[in-house]
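These are my notebook entries on a structure that I looked up. Each entry takes up one topic.

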Amino acid sequence: MSCFRHLRRAALLLAASAVGCATTPPVPGPRRELVMAYDDARASGPLSFPKDTYESVLRFQLPDGEHQPLRLRFQAEAPGKLEITIYDSTPLETPGTAIRSLTRELAPEDLSDGRDGRWVVEDLEDVKPLKGIVWIGVHRLGGQPSIWASSVVSGQAFVRDNDPSNPMGLLPTKRTPMIRLELAP
């Protein structure tokens, strides 16, 4: 008779634990993210801005479909104030309308030596889903900020002068800014 009681108790515990599991929220599955970059993760020197109107722009060709922006990362080399803008693309594949702009004051604790793994991270989850080609532009607003760049000639990095009196268009650069665009597919 005592074996029957133990079996009954085990059955009741098993049933109770099954009910408890039914009310527990499901464990989320693995999350996928797409990290886009054109540099080789080796800082070779800083990228600075000679005038407030100079902008470093990086072209990103996204995979097919819409992708939710998650974060933007870059490595800062010197303090100052930056504006970072995400642009859509024109039919001629140049930076078009600004999708989102954000301002960042780079403090000493944001700075990296290019090898320490320290990144400035900007949250982009409130930005609408992106598709096709997007551009990330960075220019100074104050001080002498700079970001790290690698010696990779990616063919995706450009500089332009946004001064209306200067007709300079996009000029390719021989170094690629260390900027990461993170997306959820």
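**Entry 1: Asp 161.** I looked up the side chain of Asp 161 and found a polar contact with the side chain of Lys 51, at 3.3 Å. A polar contact is a pair of N or O atoms within 3.5 Å; within protein, one must be able to donate a hydrogen and the other to accept it, and residues adjacent in sequence count only if both atoms are side-chain atoms. The side chain of Asp 161 also reaches the backbone nitrogen of Asp 163, at 3.0 Å. I noted that this is a predicted model, in which local features need pLDDT of at least 70 and side-chain atom pairs count only at pLDDT 80 or more, while totals for chains, interfaces and linings use all residues. Residues are numbered from 1 along each chain as its sequence is written, and side-chain values use heavy atoms, with hydrogens and water left out.

Is Asp 161 buried or exposed? I recorded it as buried, because its relative accessible area is 3% (buried means under 20% relative accessible area, exposed over 50%, partly exposed in between, with a 1.4 Å probe and protein chains only). Not counting residues up to four places away in sequence, Asp 161 touches Lys 51, Thr 53, Tyr 54, Asn 166 and Met 168; contact means heavy atoms within 4.5 Å.

Entry 2: Asp 161 lies in strand 9, residues 157–161. Strands are DSSP runs (E, at least two residues), numbered from the N terminus. I found Asp 161 to be the bridge partner of Tyr 54, and strand 3 pairs with strand 9 in the antiparallel sense over five bridges. Two strands pair if DSSP finds at least two bridges between them. Strand 3 is also joined to strand 8 by six bridges, again antiparallel, and there Val 57 stands opposite Gly 137. Strand 3 is largely enclosed by the rest of the structure, because six of its eight residues are buried.

**Entry 3: Arg 59.** I then turned to Arg 59, which is in strand 3. Arg 59 counts as buried because its relative accessibility is 14%. Its side chain and that of Glu 93 are joined by a polar contact of 2.9 Å. The C-alpha atoms of Arg 59 and Phe 158 are separated by 8.2 Å, although the two residues are 99 residues apart along the chain.

**Entry 4: the cores.** I looked for nonpolar cores (sets of buried Ala, Val, Leu, Ile, Met, Phe, Trp, Tyr and Cys residues joined through side-chain atoms within 4.5 Å). The largest has 28 residues, and those with the most contacts inside it are Phe 60, Leu 62, Phe 74, Ile 179 and Leu 181. Which strand supplies the largest share of this core? I found that strand 8 does, with five residues. A second, separate core of five residues includes Val 57, Tyr 87, Ile 133 and Trp 135.

Entry 5: I traced four strands that form an open sheet in the order 1-12-4-7, with antiparallel pairing. The edge strands, each pairing on one side only, are strand 1 (34–36) and strand 7 (120–123). Strand 1 and strand 12 pair over three bridges, and Val 35 has Glu 182 as its bridge partner in strand 12.

**Entry 6: confidence.** I noted a mean pLDDT of 88 for the protein, with 85% of its residues at 70 or more; pLDDT is the predictor's confidence in each residue, from 0 to 100. Over residues 16–21 the pLDDT is below 50, and this stretch has zero contacts in the model beyond near neighbours in sequence.
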